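Good morning, and thank you for making time for this presentation. Please look at the model on the screen while I speak.

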Amino acid sequence: MKAPTHRTDPPAGAVADAATEFHAFFEQHHAALARLAHLLTGDADGADDLAADALLALWHRWDRVRAAEHPAAYARGVVANMARSRIRSAVRERRRVTLFWAGRSEQTEGPDVAAVVDVREALRGLPFRKRACVVLRHAFDLSEKDVARTLGISVGTVKSQTSKGMAELQRLVGPQPARQHIQMTVADAGGRS
């Protein structure tokens, strides 16, 4: 019979060091993670919450995160995955509401076609992977390799999805180059997310 093993808690100094290290990571990356969440979900109000949830998840796995080759990329991946989950939940909820109202016979007027499409609205129209690639490449100025690492996809997929996403944005936002439009919008929103 095998003797029971006793779990030993880490020394108090190691916990304090981990907490200090995590606090520094939080201070350095929280704003960028919240901005990423805002651009991926289109929800300014929920972006800080999503970033906080992601950082809480990172704290629970801090040993794994701090051992990662690229902790910031790991954190961006967590934010991207949580954003994807929230978007899917919102889509499911919209479908339920649509089904509920589909049985009603009320007539409504069409949408205001003359409304101007801005970059954020155009970004929301992109499928998640294209949106994530465009935002990480052009708003966060990450390399294709870093985007691939963050999203867990190949560099070729990053190139393809970014190219297709930019083409769609170019079509939606008009003659001004989409990249410049995105960067200006992100710069304008930088302090607000």
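This is a predicted model: local features need pLDDT of at least 70, side-chain atom pairs count only at pLDDT 80 or more; totals for chains, interfaces and linings use all residues.

Is Gln161 buried or exposed? Gln161 is buried, because its relative accessible area is 15%, and buried means under 20%, exposed over 50% and partly exposed in between, with a 1.4 Å probe and protein chains only. Residues are numbered from 1 along each chain as its sequence is written, and side-chain values use heavy atoms, with hydrogens and water left out.

Gln161 belongs to helix H8, residues 155–173. Helices here are DSSP runs of H or I with at least four residues, strands are runs of E with at least two, and both are numbered from the N terminus. Apart from its neighbours within four places in sequence, Gln161 touches Arg129, Lys130 and Cys133, where contact means heavy atoms within 4.5 Å.

Let me turn to the chain as a whole. Its secondary structure consists of nine helices and zero strands. Of its 193 residues, 36% count as buried. Among contacts with a separation of 6 or more, 68% are between residues 24 or more positions apart.

The next topic is the aromatic residues. A pair of rings is described by the distance of the centres and the angle of the planes. Rings of Phe, Tyr and Trp (for Trp, the six-membered ring) pair if their centres lie within 6.5 Å; planes under 30 degrees apart count as stacked, over 60 as edge-to-face and the rest as tilted. By this rule there are three aromatic pairs. In one of them, the ring centres of Phe22 and Trp59 are 5.0 Å apart and the planes stand at 50 degrees, so this pair is tilted. Phe22 lies in helix H1 (residues 12–41) and Trp59 in helix H2, so the pair ties together parts that are 37 residues apart in sequence. Phe22 is buried, at 13% relative accessible area, whereas Trp59 is partly exposed, at 33%.

Phe22 also pairs with Trp62, and this pair is edge-to-face, with 5.2 Å from centre to centre and 85 degrees between the planes. Trp62 sits in helix H3 (residues 62–67), so to speak 40 residues away from Phe22 in helix H1, and the pair links distant parts of the chain. Both Phe22 and Trp62 are buried. Ring pairs join Phe22, Phe25, Trp59 and Trp62 into a cluster. Beyond its neighbours within four places, Phe22 is in contact with Leu55, Leu58, Trp59 and Trp62.

Finally, I come to the largest pocket. It holds about 230 Å³ of space. On a 1 Å grid over the protein atoms alone, a pocket is an open set of points where a 1.4 Å probe fits, with protein on both sides within 12 Å along at least five of seven lines, and lining residues have an atom within 4 Å of a point. Grid points are joined across faces, edges and corners, and the volume is the space filled by probe spheres set on the points. Helix H2 (44–60) and helix H4 (71–102) are the elements that give two or more residues to the lining of the largest pocket. The largest share, five residues, comes from H4. Residues lining the pocket include Asp43, Arg86, Arg94, Arg124 and Arg131.
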